[in-house]
2 protein chains.
Amino acid sequence: MPKELDAKEKILEAAKGIFYKKGLGGARMAEIAEEAGINKAMLHYYFSSKEQLFETVFEEAFHKIIPSIISVLNSEKPIREKIEEIADFYITTLSANPQLPVFVLNAIQYDPERFLGKFMKNKQMSPQAFMGKLMQQFQQEIQEGKLPPVDPRHLIINLIGLSVFPFMMKPMLKIMMNMDDESFHDLMESRRELIPRFLLDT
Amino acid sequence: MPKELDAKEKILEAAKGIFYKKGLGGARMAEIAEEAGINKAMLHYYFSSKEQLFETVFEEAFHKIIPSIISVLNSEKPIREKIEEIADFYITTLSANPQLPVFVLNAIQYDPERFLGKFMKNKQMSPQAFMGKLMQQFQQEIQEGKLPPVDPRHLIINLIGLSVFPFMMKPMLKIMMNMDDESFHDLMESRRELIPRFLLDT
DNA sequence: ATTCTAATTAACTATTTGGTTAAACCATGC
DNA sequence: GCATGGTTTAACCAAATAGTTAATTAGAAT
């Protein structure tokens, strides 16, 4: 009986598309059902409520862009490598799915408690402990002269901002800079090496 | 008869708060009316529909963050100054209103045609012509050795990203980096000079 | 005072929406 | 066969929602 997964998958795919675009409040269950090519009652067969369906979609999106970079930052590699990997990861992930970050940030803005609560607990490491360890690594590598002496907090913010923000601005950038999808893609590709170089080469 | 402006202003203020948080679909007209301390029918007395009210709020938000930087970029100052002014402008504006960029980008993601259309026309200069002029200035200043030889497109993307993105991430950053509002504010203040230095000093 | 117009409200309506129900469908094991 | 269990559907329902109406208030002009 492979039908269950089939239908559930179709629902999630449709829900993703519509929630990404319209958010929790703007999406209609009937619309999701239609997009998935099934009956409206089927949604409630697999997902008890709109909220639950949304949370499922959100969790998938969130896990696509947050835990990955935490595990990279949490690894034993040198900072340089971590930075390269993260920029690389975001450019790959967001090239395939540019709406992801606006969707996630919007949900968080809508109800921070709810959509960041999981993030706090869920992790194997508390954000604080994890950041502490990372700060230590920064200090050490700076002392060893492997890194320019910058505030690690700024470096991380800059790294993520430089990697993620262009995709959020994609529609506007395409207009302002007169680009089509292909030239936008090329511009993002060139950032794979630009970002680490920019962040680390004084 | 100053009551008209009073009521209209109260409505817009309430609508802003609720649309910023919940978006077009998530906001309820009754909720906005209550928040404004007036009757639901008053909304439709001053604004014909929910959509029109939303567009009014959107337009105000949009004009708060886009035309300002265009007019700076469009001025006759040297690039260095333009960059300093824009970073400064965003940090001031978004410190007072961190939800602004997520709100605007979300609306654009929801219906790009509709919410970027105005941007295209409305301007005194077409984005293309305007960018063309700017690119020329970049080339010239680079030739004169006043600027490091970087791709101007990347420079602009980086400038806006470094200035705006931290405010979008504010809730997450506060948790990850264990900051309260005050220390977040301090961190952002330090970016006023960090961003131009970072962008321009090779 | 009276008229006129803009502001304001309570009550109402038509529609949309999330969610339910009870019956039908269909594969599998016996 | 047929009983069983998960799957799917059409029809239905109650609540919520954007928008309307028609009546009321209050202030200004005459």
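A cavity is a set of grid points where a 1.4 Å probe fits but cannot get out. By that criterion, and with a threshold of 30 Å³ or more, the structure holds eight cavities. The model is predicted. The salt bridges over all chains number 32.

**Chain A**

- Chain A has 12 helices and zero strands.
- The C-alpha atoms of chain A, taken along the principal axes, fill a box of roughly 60 × 45 × 35 Å.
- Chain A comprises 202 residues, of which 50% count as buried.

- Of the atoms of DNA strand C that come within 4 Å of the protein, 60% belong to sugar and phosphate.
- Both protein chains take part: helix H2 (29-36) and helix H3 (40-46) of chain A, and helix H1 (3-26) and helix H3 (40-46) of chain B, each supply at least two residues of this surface.
- H3(B) provides the largest share, with four residues.
- By class, the surface near DNA strand C contains nine nonpolar, three polar and five charged residues.
- A base oxygen of DNA strand C is 2.3 Å from an N or O atom in the side chain of A:Lys40.

**Salt bridges**

- Side chains of opposite charge can pair when their charged atoms come close.
- A:Asp201 and A:Arg80 form a salt bridge in which the closest N and O atoms are 3.1 Å apart.
- This pair links distant parts of the chain, 121 residues apart: A:Asp201 lies in the segment after helix H12 (181-200) of chain A, and A:Arg80 lies in helix H6 (residues 79-96) of chain A.
- A:Asp201 counts as partly exposed because its relative accessibility is 43%, and A:Arg80 counts as partly exposed at 34%.
- In chain B, the side chains of B:Lys146 and B:Glu144 meet in a salt bridge with an N to O distance of 3.3 Å.
- B:Lys146 has a relative accessible area of 45% and is partly exposed; B:Glu144 is also partly exposed, with a value of 43%.
- A salt bridge between B:Arg192 and B:Glu189 has its closest N and O atoms 2.8 Å apart.
- B:Arg192 and B:Glu189 are separated by about one helical turn, because they are three residues apart in helix H12 (residues 181-200) of chain B.
- B:Glu189 is partly exposed, with a relative accessible area of 28%.
- Elsewhere, salt bridges that share partners join A:Glu13, A:Lys16, A:Glu60 and A:Lys64 into one network.

**Largest cavity**

- The largest cavity holds about 230 Å³ of space.
- Its lining consists of 23 residues, and A:Lys22, A:Asn106, B:Lys22, B:Gly23 and B:Asn106 lie nearest its centre.
- Helix H1 (3-26) and H7 of chain A, together with H1 and helix H7 (100-110) of chain B, each supply at least two lining residues.
- H1(B) gives the largest share of this lining, seven residues.
- The lining of the largest cavity has 11 nonpolar, eight polar and four charged residues.

**Second largest cavity**

- The second largest cavity has a volume of about 160 Å³.
- Its lining comprises 16 residues, and the closest to its centre are A:Ile65, A:Ile66, A:Tyr90, A:Ile160 and B:Met169.
- Two or more lining residues come from each of helix H5 (67-73), H6, H7 and helix H10 (152-168) of chain A and from H11 of chain B.
- The lining of the second largest cavity divides into 16 nonpolar, no polar and no charged residues.

**Second largest pocket**

- The second largest pocket contains about 360 Å³ of space.
- Of its 16 lining residues, A:Ile108, A:Pro112, B:Lys170, B:Pro171 and B:Lys174 are the closest to its centre.
- H8(A) contributes the largest share, five residues.
- The lining of the second largest pocket has 10 nonpolar, three polar and three charged residues.

Note on methods
Residues numbered from 1 in each chain as written. Chains lettered and ligands numbered in written order. Predicted model: local features only at pLDDT ≥ 70, side-chain atom pairs only at ≥ 80, totals over all residues. Heavy atoms only, no water. Near = heavy atom within 4 Å. Polar contact = N/O pair within 3.5 Å; in protein donor to acceptor, adjacent residues only side chain to side chain. Nonpolar A, V, L, I, M, F, W, Y, C, P; charged D, E, K, R; others polar. Salt bridge = Lys/Arg side-chain N within 4 Å of Asp/Glu carboxyl O. Buried < 20%, exposed > 50% of the residue type's maximum accessible area, 1.4 Å probe, protein only. 1 Å grid on protein atoms, 1.4 Å probe; cavity = no way out; pocket = protein on both sides within 12 Å on 5 of 7 lines; lining within 4 Å. Points joined across faces, edges and corners; volume = space filled by probe spheres on them.
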